[in-house]
Amino acid sequence: MPRFAFAGRCSTEDLQDPETSRNWQLTRARALIEPAGGEIVAEYFDSGHSRALPWKRRPQAAALLTALRDPHRGFDAVVIGEPQRTFYGNQFGNTFPLFTHFNVPLWVPEIGGPIDPDNEAHDLVMSVFGGMSKGERNRIKIRVRTAMGSQAKIEGRFLGGRPPYGYRLTDAGPHPNPAKAADGKRLHRLEPDPDTAWVVVRTFTEYLEGKGYYAIAEGLTRDGIPCPSAYDRDRNRHRKGHAWCKGAVRAILVNPRYTGHEVWSKQRKDEVLLDIDDVTLGHRTKMAWNTPEQWIWSAQPVHQPLISPTTFAHAQAKRHARSTQTHLERKPRPTTRGYALRGLIRCAICQRKMQGTFNNGKPHYRCRYNAEYAKNAALDHPLTVYVREEVILPELDKWIAKAFAPGQLTATLQAMRQAQSAESPTTTAAAAARRTMAECDRRIVQYRAALDAGTDPKLATEWINQAQSEKASARQDLLTATAIQPEILTEDQIKHMVSGLGSMTDRLLTTASEHKRPLYESFGLALTLDMQKRVVIVESQPAHTCTYGKCPRGDLNPHAR
C-alpha cells in the first residue's frame, strides 16, 4: 500500500476557517489516492501563511522539504489537495526538482495522479495554476484597496481600527452587507470623547503658540493628564503609560482626522525582496508612509471636527518649516561603527532598548528616556543611564565560555529544558484567553437563541456585538501569548546544539568585539542593565527555539568583591 504525505495551506484565520480548509483539501487528496490503494500517513499543513511565501519560509512546507532528504521519511509520495493554495507564481518550478531528485512522486488532482517530470503538458498545467494563484491574489488586493478607497472617499465610512486619541466609537447603523448585518455586525463612526477631545485642542493651540513637542508633553504630564497609553490601558498593555512622550504629541499633530474628515491610505504595504541575491526566498512586507498627496480624504466631513482645516494646515506648515531647518543643521551620522550588543541590551527601569554611542573612541550604551518622555513621579528615571561596552563584554564572555563549554553544555541545556516544564506567564495568558473566547461563544449562542425567542432585536444585537468585541480582544491576546510561547527542546535538538554552540564559544573568544554581535545573537542573548544594583541580567534563547532562565552576571565592575 503506497504511503503518502499530505501537503496543504490555508490563509489567515480571519479570512478562512483552517479546519474546514484542511478538511476539504484532505478530502480531495484522499479521493485521488485511495482508488490506487494509497494511505495518508503524514500531514504538512500550513495555517495562517500567505501563498506568496516560498516553501522554505512556510514552517510545514519547509519541514516537508527537509523530510524529502531523509531516506527513512516514512512515506513514499506526496499528495496535494489544491495546487492554487500550495503553489504561487514560479514556486512549482523552484520546488518540484527536489521531488524529482529524491525520487518522491508528487500527486495532484488536476493531473489525475503523479506529475511526470518529462511531460511538458504537466509542467505547463502546474505553471498555469501558479500563475492563476498569483493573479487571484493580486485581483483580491486590487479589489479590496479600490473598494476601501471608494468607501472612505465617497461614503466617508469608518474602516476599522482603534479610534484616534480624542475620539471614541459610536454606532452608525446596521452593516450594509446583508450577511454581515445578519451576523450582528454594525457600522461605526467617530464622536468626540469628552474626556480627551479638549486635550487635542490644547495640543494644537500650544504648538501654534510656539511650544515644542517636549514642552507640550511636559505640560500635559505636569497637569496630571493621562497619556494615550495610560488612558486606554486595555489596548496598550505593552507600554508603561507613566508620561507623555514627544511621539504621542507628534502623532496628534499629524493626524488629519481631527478636521472631521475620514482619511485613509496614509500607509501602504510594500513587498521587497528578502535577499536580492536569492529571489527564490520571496518578498517581505514592509510598511511605508504615503505622502499627503496620496491620502484619500472623504469628500465631506463625516464626524464632528476638533480643529478646523485651517488650524491643521498651519500646524503642518510649521512642522515642515522646523523639519527643514533641522535637516539643514544635522550632521551626517557615522554608520560604520560596530556595537556588539546593539539591540540586545535594555534598561531595567523603563525596559527600552539602549542606544549605542561612541565616546572617547569607545562604544557605550545609553538610555535617554527623559529626552523622549516628560518627567514624572511614577517613574524615577535618571537623566541618562550610561555604561561602557568594555565593562560588560569580558564578564559576559566568561559566563558564556563557562556555561556553554563543550563539557558543560549538555548539562546546561538539560537544566534549561527542565526549567521550561514549569508553567510560564505566556501559558497562563493563553489559557485565560481561550477561556474568554469559549465563554464569548457560549454567550453569543444564548443571545441568538434569545433573539429567535422574540427578544428586542436592538438589545440582542448590542449583546452580540459586545461579546464579539470581547472575543476579538481575547483572540488578539491569544495570538500575542502563543507568538512568544517557548518551544520545548527535544533530545535531538539538544544534541544538535551541543556541537553548534560549543564551536561558537571557541569563535567568541577569538573574535574582535565589534564583530561579536552575530555570535551573541546565535546564543539568543537578551541583556537587562540595572544600574542601581550595577548588575546585568542575561537571558539566553539559543537559535530562537526556547526561552531559558535568567542568569545574573554579577557586578558591573569586574574587579569588585
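Reader: The charged end of Lys 318 sits over which ring?

Author: The ring of Tyr 207, with the charged end of Lys 318 at 4.9 Å from its centre. A charge sits over a ring if NZ of Lys or CZ of Arg is within 6 Å of the ring centre and within 35 degrees of the ring normal. Before going on, note that this is a predicted model, where local features need pLDDT of at least 70, side-chain atom pairs count only at pLDDT 80 or more, and totals for chains, interfaces and linings use all residues. Residues are numbered from 1 along each chain as its sequence is written, and side-chain values use heavy atoms, with hydrogens and water left out.

Reader: Where is Lys 318?

Author: Lys 318 is in helix α11, residues 309-329. Helices (H or I, at least four residues) and strands (E, at least two) are DSSP runs, numbered from the N terminus.

Reader: Is Lys 318 buried or exposed, and what is the nearest side chain of opposite charge?

Author: Lys 318 is buried, and the nearest side chain of opposite charge is Glu 209, 8.8 Å away. Buried means under 20% relative accessible area, exposed over 50%, partly exposed in between (1.4 Å probe, protein chains only). As for charge, Lys and Arg count as positive and Asp and Glu as negative, while His and the chain ends are not counted.

Reader: What is Lys 318 in contact with?

Author: Leaving aside neighbours within four places in sequence, Lys 318 is in contact with Tyr 207, Leu 208, Glu 209, Gly 210 and Lys 211. Contact means heavy atoms within 4.5 Å.

Reader: Which residue lies over the face of Phe 75?

Author: Arg 73, at 6.0 Å from the ring centre.

Reader: Moving to rings with rings. How many aromatic pairs?

Author: The count is 16 aromatic pairs. Phe 92 and Phe 96 form a stacked pair, because their ring centres are 5.0 Å apart and their planes at 20°. The rule is that rings of Phe, Tyr and Trp (its six-membered ring) pair if their centres lie within 6.5 Å; planes under 30 degrees apart count as stacked, over 60 as edge-to-face and the rest as tilted.

Reader: And where do Phe 92 and Phe 96 lie?

Author: Both lie in helix α4 (residues 91-101), four residues apart, which is about one turn of the helix. Phe 92 is buried at 3% relative accessibility, and Phe 96 is buried at 10%. An edge-to-face case is Tyr 165 with Tyr 231: the ring centres are 6.3 Å apart and the planes at 85°. Tyr 165 lies in the loop between α5 (120-155) and β6 (167-174) and Tyr 231 in helix α9 (residues 228-231), so this pair ties together parts that are 66 residues apart in sequence.

Reader: Which residues do ring pairs link into a cluster?

Author: Trp 55, Phe 87, Phe 92, Phe 96 and Phe 99.

Reader: New topic. How many salt bridges?

Author: The count is 21 salt bridges. One of them joins Glu 19 and Arg 22, with the closest N and O atoms 3.3 Å apart. Glu 19 and Arg 22 are three residues apart in helix α1 (residues 18-33).

Reader: Which salt bridge ties together parts that are 134 residues apart in sequence?

Author: Glu 271 with Arg 137, at 2.6 Å from N to O. Glu 271 is in strand β9 (residues 267-273) and Arg 137 in helix α5, so the pair ties together parts that are 134 residues apart. Glu 271 is partly exposed at 36%, whereas Arg 137 is buried at 19%.

Reader: Last one, the whole chain. How many helices and strands?

Author: The chain has 18 helices and 18 strands. Of its 561 residues, 39% count as buried. Among contacts in the chain with a separation of 6 or more, residues 24 or more positions apart account for 64%.

Note on methods:
Salt bridge = Lys/Arg side-chain N within 4 Å of Asp/Glu carboxyl O.
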